[in-house]
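Trainee: Hi! Could you walk me through this one before I start my notes?

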Amino acid sequence: MSTIPAFKSSLAASAESTRWRTVDIVVVAAIAVAFGVVFWFWNAFVWVWLRPLGEPWEYVISGVWVMPAVVAPLIVRKPGAALFAEMVAAVVSVILGSQWGLDTLLSGFVQGAGAELLFGFTMYRSFGPIVALLAGAGAGIGEALHDIPVWFPTATREVQIGIASLEMLSAAVVAGIGGWLLVRALRRTGVLQTFPAAE
Amino acid sequence: MSVLPAPLQPVRPAFLTRVTPVARLVAGMAWLVASIVTLDPIVPVRLILAAVVALVLWSGLPLRRIPGRLAPLGLAIVSLTAFSILLSSSNGDRSVAAVVTLGPARITGPAIAAGLAVGLRVGVIALSTLLVFGPSDPTRMADSLVQQWHFPDRFAYGTLAALRVAPFMAGDWGTIGAARRLRGLQPRSPAARLRETGGRLLAMLVATIRRAERLALAMDARGFDSGIRRTHFRELRTTWRDWLTIVVALAVAAAALALPR
């Protein structure tokens with residue numbers, strides 16, 4: 001008889017670990033909203049000044065765009081967090097008036113899906129710096145799969161490869177490692193106590 | 001809030017304000033896809049004209065505010081077009097006659113056409129975005145996604161609740177900056193300034209997360225996650241207007257792609 005409650009509670013724990021609580025939904029969405037607002041500033045005031053760098057070099061810090069797709073899963077550790085966060089950030093940036101408009105939704109989807117796949121490969125069990133780096137790179141690959149046909153279809157092969165590799169590298173370093181460091185900094189402030197990331 | 005651009009809202013009743021948001025989303029996406037599957041500049045030009053007609057006649061948006069809102073796009077269109085023309089792979093094709101030659105660099109006709117097509121995509125996308133998101137607010141979009149497309153309601157309304165934290169961010173940013181100055185944190189060098197910005201962003205994110213946690217607690221206290229089937233305060237139904245909008249948008253997209261020059 002004593003095994004049954006234990007069995008039940010472990011079942012409950014595993015169900016609890018994939019089910020989204022209200023606080024998971026609202027906090028992930030709020031983080032995504034914050035990033036959506038940051039993206040708006042980024043697009044309007046930072047990105048335009050990078051233009052003179054020329055293609056593909058302006059993509060060196062494009063990884064900022066995919067940070068929600070790494071940061072949100074590292075905090076709540078639930079299936080779907082990467083896709084959900086990146087989509088909300090995209091929607092907010094559309095509402096605020098991103099110059100890429102509706103296309104941002106497509107970008108957000110492929111970027112979120114790229115990171116989601118990587119976290120999915122670990123069965124949502126591993127959230128260390130290596131997985132974060134790979135998830136960032138996954139989001140960067142998604143970003144490139146969208147950007148090359150939509151925005152750079154006429155460019156020479158070398159420029160296309162340059163943009164795609166810079167997007168991937170930047171996403172891996174800025175969003176992957178940067179995202180992991182950001183979550184570590186957030187954890188130290190004690191704000192993540194209700195989340196698995198607090199451990 | 002003043003830092004963020006105020007959303008455009010319809011100022012008079014119009015056809016598109018009575019079309020449900022998901023129907024407008026399908027229509028807008030059809031134009032987006034039509035503009036990105038081609039490298040012929042006539043297609044985005046036709047779609048831009050169609051979008052302007054729709055904006056003027058059926059959107060109900062304040063038309064005077066639209067040019068100012070779209071002005072930053074000019075730079076994006078010019079730089080993307082210029083880049084696409086200059087670095088086009090067809091410039092290296094010696095069998096195509098050059099239109100312009102500058103020393104070793106040459107620009108061909110196909111490169112100019114394709115470059116314009118890519119640059120003008122920005123215009124099609126911006127105008128269709130206005131037609132999708134302009135005629136109604138995010139609340140209606142959430143209603144529409146839940147009732148018509150059966151999105152999970154906790155996610156849709158949880159996100160809508162989280163949108164409320166955006167207006168507080170500008171205030172938090174200022175308060176945090178003032179608090180840091182009060183503590184004597186006054187960066188001088190560019191590197192220190194960058195660190196300072198990072199610190200402020202982190203503090204702002206912490207404030208946002210705390211606010212979201214309180215919001216979630218308040219929502220749960222009012223039975224947000226009760227598991228009882230949700231009923232709808234604002235009921236939305238798919239009507240003939242939705243189907244008409246989608247059919248017309250698809251027809252315009254097909255015509256823009258298929259009509260001879």
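Mentor: Happy to. Let's begin with a definition: helices are DSSP runs of H or I with at least four residues, and they are numbered from the N terminus. Keep in mind too that this is a predicted model.

Trainee: Which residues of α5(B) are buried?

Mentor: B:Met141, B:Ala142, B:Asp143, B:Ser144, B:Leu145 and B:Val146 are buried. The cover over these buried residues of α5(B) includes α1 and α6 of chain B.

Trainee: Can we try the length check on another helix? What should α2 of chain B span?

Mentor: Helix α2 of chain B covers residues 42–58, which is 17 residues, so at 1.5 Å a residue it should span 24 Å. Its end C-alpha atoms are 24 Å apart, which agrees.

Trainee: What do the buried residues of α2(B) pack against?

Mentor: They pack against α1 (21–36), α3 (65–86), α4 (109–133) and α9 (240–258) of chain B. Among the buried residues of α2(B) are B:Val43, B:Leu47, B:Ile48, B:Ala51 and B:Leu55.

Trainee: Nice. And what comes after α2(B)?

Mentor: B:Gly60 follows α2(B), with a positive phi near 75°.

Trainee: New topic: helix packing. At what angle do α7 and α8 of chain B pack?

Mentor: Helix α7 (residues 166–182) and helix α8 (residues 190–221) of chain B pack at about 130°, and their axes are 9 Å apart. That angle makes α7(B) oblique to α8(B). The crossing of α7(B) and α8(B) is right-handed.

Trainee: Which residues make the contact?

Mentor: From α7(B) they include B:Phe168, B:Trp173 and B:Arg180, and from α8(B) they include B:Arg200, B:Met204 and B:Arg211. By class, the contact of α7(B) with α8(B) has 7 nonpolar, 2 polar and 4 charged residues.

Trainee: Let's switch to chain A. How many helices and strands are there?

Mentor: Chain A has 7 helices and 0 strands. Of its 199 residues, 58% are buried. Looking at contacts in chain A with a separation of 6 or more, 76% come from residues 24 or more positions apart.

Trainee: How do α3(A) and α5(A) cross?

Mentor: Their axes come within 9 Å and cross at roughly 35°. The crossing of α3(A) and α5(A) is right-handed. A:Ala69, A:Val70 and A:Pro73 of α3(A) meet A:Gln111, A:Gly112, A:Ala115 and A:Phe119 of α5(A). In that contact of α3(A) with α5(A) there are 5 nonpolar residues, 2 polar and no charged.

Trainee: What is the phi of A:Met123?

Mentor: It is positive, about 60°, although A:Met123 is not a glycine. A:Met123 lies in the loop between α5 (103–121) and α6 of chain A. A:Tyr124 is also found in the loop between α5 and α6 of chain A, and its phi is positive too, near 55°.

Trainee: Is A:Met123 buried or exposed?

Mentor: A:Met123 has 8 C-beta neighbours inside 10 Å, so it counts as exposed. A:Tyr124 has 17 such neighbours, so it counts as partly exposed.

Trainee: What about A:Val150, what is it in contact with?

Mentor: Leaving aside neighbours within four places in sequence, A:Val150 is in contact with A:Asp103 and B:Ile36. A:Val150 is in helix α6 (residues 129–151) of chain A.

Trainee: Last one: how many residues does the contact take from chain B and chain A?

Mentor: It takes 56 residues from chain B and 40 residues from chain A. On the side of chain B that touches chain A, the largest share, 12 residues, comes from α8(B). That side divides into 39 nonpolar, 11 polar and 6 charged residues.

Conventions
Residues numbered from 1 in each chain as written. Chains lettered and ligands numbered in written order. Predicted model: local features only at pLDDT ≥ 70, side-chain atom pairs only at ≥ 80, totals over all residues. Helix = DSSP H or I, 4+ residues; strand = E, 2+ residues; numbered from the N terminus. Expected span 1.5 Å × (residues − 1). Buried ≥ 20, exposed ≤ 12 C-beta atoms within 10 Å, placed from the backbone. Contact = placed C-beta atoms within 7 Å. Axes fitted to C-alpha atoms, helices over the stretch in contact; angles between N-to-C directions. Parallel < 35°, antiparallel > 145°, perpendicular 65-115°, else oblique. Left-handed = near helix turned anticlockwise from the far one by under 90°. Nonpolar A, V, L, I, M, F, W, Y, C, P; charged D, E, K, R; others polar.
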